[in-house]
Amino acid sequence: MKQAVRERFDSVIHKSDLISRDLSWMKFNDRVLDQSKKDHRSIFEKLKFLAITASNLDEFFMIRVGSLYNYLDYDKERIDYSGLREEPFKATLMEECQNFHHAQHEHFLNSILPALPNEGIALCNTSKLTDGERKKVKQYFDRAIYPMLTPMVYDGYRTFPILMNKLLIFGVVTTTPGERKDMRKLSFVQIPANIPRFFEVERGNTLFLVPIEEVIRENIVSLFRNVDIQSISLFRITRNGDFTLEESEDMDANFLEEVKRKLMERKTGRVVKIEIEEGYSKWMLNSLLERWKLGSDSVFHVKRESMIDFTGLWQIVGNKQFRDRLPQMPAPVKPLSYQDEGNADIFDTLKEKDILLHHPYNNIDSILDLIEKAADDPGVMAIKMTIYRLAKDSQITKALLRAAENGKHVSVLFEVKARFDEENNIREAKRLQKAGCFVIYGITHLKTHTKLLLIVKKDGEKITRFVHLGSGNYNEDTARLYTDIGLLTTNEVLANDVSEFFNVITGHSMPTNYQNLITAPRDMRNQLIHFIEQEAENARNGLPAGIFIKVNSLEDSETIYALYRASQSGVTVKLVVRGICCLRPGRVGLSENIEVISIVGDFLEHSRIYHFHNNGNTRTYAGSADMMVRSFDKRLESLFKVESPLLEKQLMNILAFNLRDNFNAYVMQEDGSYIAKKPEGDEEVFNVHKEFFNLDPEKVMQVELIPTYSNQ
């Protein structure tokens, strides 16, 4: 992009009160890449974070860049939060993506590759192998790879083949001996996804890893006999995967078939990105660009000594040889509110008190224990729950199947629109349905993102409802990696609210109001803005006022402007936003009293907590919803109020610890950039991802987010 154009776009962006959602997301992936550069991390952690940035970027192009192309291709108007229209914004975004791509590969080449030999790993082609080892590679190609490869030629007699999303592809330009050079043909060889990324050769204490593309490149001539190969180009494409069924106004009657059709479209959607290895055929690339209507800014060049698709690095990270070289997570601790976990009956305990779980510091066993006991307990009459994402070998599904076999009423809402988990959810839902469970396949125009569980149990003449409300999925795998909040309770007010909400989800009901539950799409945005405005009113009246919020993303402009107004009224606003943040903190006259930090580290921050000081009569909520347009308008979401003093103090302490962190925290600047927060002076390192394993209950009960003071 020319300097003058760049400066003009930057001027427009700077004048906006809001940060672009997509540009903010790119800054988030910068922070993830920064984790791969940290000196304290092992090479395997660095590989892991680099692989995460690659999978993040793939999804970003499939969904966000794909969505942008939906506007461009159909000539629809779109004005970004940055103030830029479609084409200028695309140019700006692609420049950011190119810069990030360059940073990824420079880090890989300059830091990752040189460090691998010290760990007994050699990333190489077959020239570094012995004759015997090369023979093994050739045998592997002949027996395992060659039968799976299918060269597909494109010429005047054959249609252009369907090239699959996110596969490595060789583009091979050939000519027939005796024919003119300009009578060239273009063929494609796609590398199937089920072939391991590296061929592994062990020699002494060294593991040699030969990229599969190098194995095929050396033997590709066997696919093109009696023709002349002019060039061999390795590339990879990313396709538009953006489809938003929950936003569709008129849905086909057969909802599951519609989802399946959309999954197929994801495989053949318009191309939005090309990664290509240097030394490529310019004729081939120009042909592809013309066919896919792409500009040069959508082409990402990769040096030969680097590699296309860093997600392949997971094969190294997951290698059993290196398992002991990855940092071990401390054993989970018992919840502060459930110190007799594992030694007490969960049903009896919940009749006496509420339990707050903070994953992964507290494990998910209490929830699994509750569901598994419910499946077998003769007194349990019904189990209702919402499911967004499940573990691959889910204990939850097994317990629900057992409950159905035991004659209990089991109703489950499976969100079949959970992005990239659609097929797994459809498969699991059908298993439950066959077992006699009442299964709802989502709601046509909304995505069900709320996390709720309701168990109805009869003891003699008494009926007790056991409820779980959470911020995370019922997934045993991610519960070890994501920080999430879960509340277990028999509180009748919340039980009534949850029962009513299930009636909304599974039937046709519109409750007048909930007491301790805030739901979307009905009234969540308005309720949160009401709480924000009350803090502003308190500040204007000289009363203490404070807003403390922890979310994954902050993008909804209405709530952002409410926070701006609160800041201008003198309210202390402190936000912990892991990913996208479209609010500008610290802008004079707009948001001087707003601070934003992002926590990026060993665990994926996933919990959502909303705390309002309310002149000392605090309001504290947790739940599934971020402050996003989709959360407020396009999803079924819930936030639950926590009233137990111990549990509310725990949530306040989570906020306080996050704000205190100087190890994983990045401080957002007014221009949307971030600066890593570090200890100042004699300040000790405070790492929330370690501190939550060592909580002091007495200190938790003393936590205050803003000092209490009297107005003299």
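The model is a predicted one, in which local features need pLDDT of at least 70 and side-chain atom pairs count only at pLDDT 80 or more, whereas totals for chains, interfaces and linings use all residues. Residues are numbered from 1 along each chain as its sequence is written, and side-chain values use heavy atoms, with hydrogens and water left out.

The side chain of D556 meets that of R525 in a salt bridge, with N and O 2.8 Å apart; the term stands for a side-chain nitrogen of Lys or Arg within 4 Å of a carboxyl oxygen of Asp or Glu. This pair links distant parts of the chain, since D556 sits in the loop between β19 (546–551) and α16 (557–568) and R525 in helix α15 (residues 524–540), 31 residues apart. Helices (H or I, at least four residues) and strands (E, at least two) are DSSP runs, numbered from the N terminus. R525, at 11% relative accessibility, also counts as buried.

In total, the structure holds 48 salt bridges. Another of them joins E214 to R304, whose closest N and O atoms are 3.3 Å apart, and this pair too links distant parts of the chain, with E214 in helix α6 (residues 212–219) and R304 in the loop between β9 (299–302) and α9 (314–317), 90 residues apart. E214 counts as buried because its relative accessibility is 11%, whereas R304, at 39%, counts as partly exposed. D80 and R78 form a salt bridge as well (3.7 Å, N to O), and both of these residues are buried.

From charged pairs we turn to nonpolar residues. In soluble globular proteins, nonpolar side chains tend to be buried together. A nonpolar core is a set of buried Ala, Val, Leu, Ile, Met, Phe, Trp, Tyr and Cys residues joined through side-chain atoms within 4.5 Å. The largest nonpolar core has 104 residues, and those that touch the most other members are L93, F235, I274, W292, L575 and L583. Helix α3 (residues 43–73) gives the most to this core, namely 13 residues. Apart from it lies another core, of 48 residues, which includes Y361, I485, I609 and L647.

Two helices show how such elements can meet. The axes of helix α1 (residues 3–15) and helix α4 (residues 86–115) come within 11 Å and cross at roughly 100°, where axes are lines fitted to C-alpha atoms, for helices over the stretch in contact, and angles run from 0 to 180 degrees between N-to-C directions. That makes α1 roughly perpendicular to α4, because angles of 65 to 115 degrees count as such, while those under 35 are roughly parallel, those over 145 roughly antiparallel and the rest oblique. R6, F9 and I13 of α1 make the contact with P88, A91, T92 and E95 of α4, contact meaning heavy atoms within 4.5 Å.

Finally, the backbone deserves a look. Most residues other than glycine have a negative phi, and most peptide bonds are trans. The peptide bond from H359 to P360, however, is cis, with omega near 0°, and P360 has its place in the loop between β10 (355–359) and α11 (365–376). D309, a residue other than glycine, has a positive phi near 75°; D309 lies in the loop between β9 and α9 and, at 12% relative accessibility, counts as buried.

Terms used: Buried means under 20% relative accessible area, exposed over 50%, partly exposed in between (1.4 Å probe, protein chains only).
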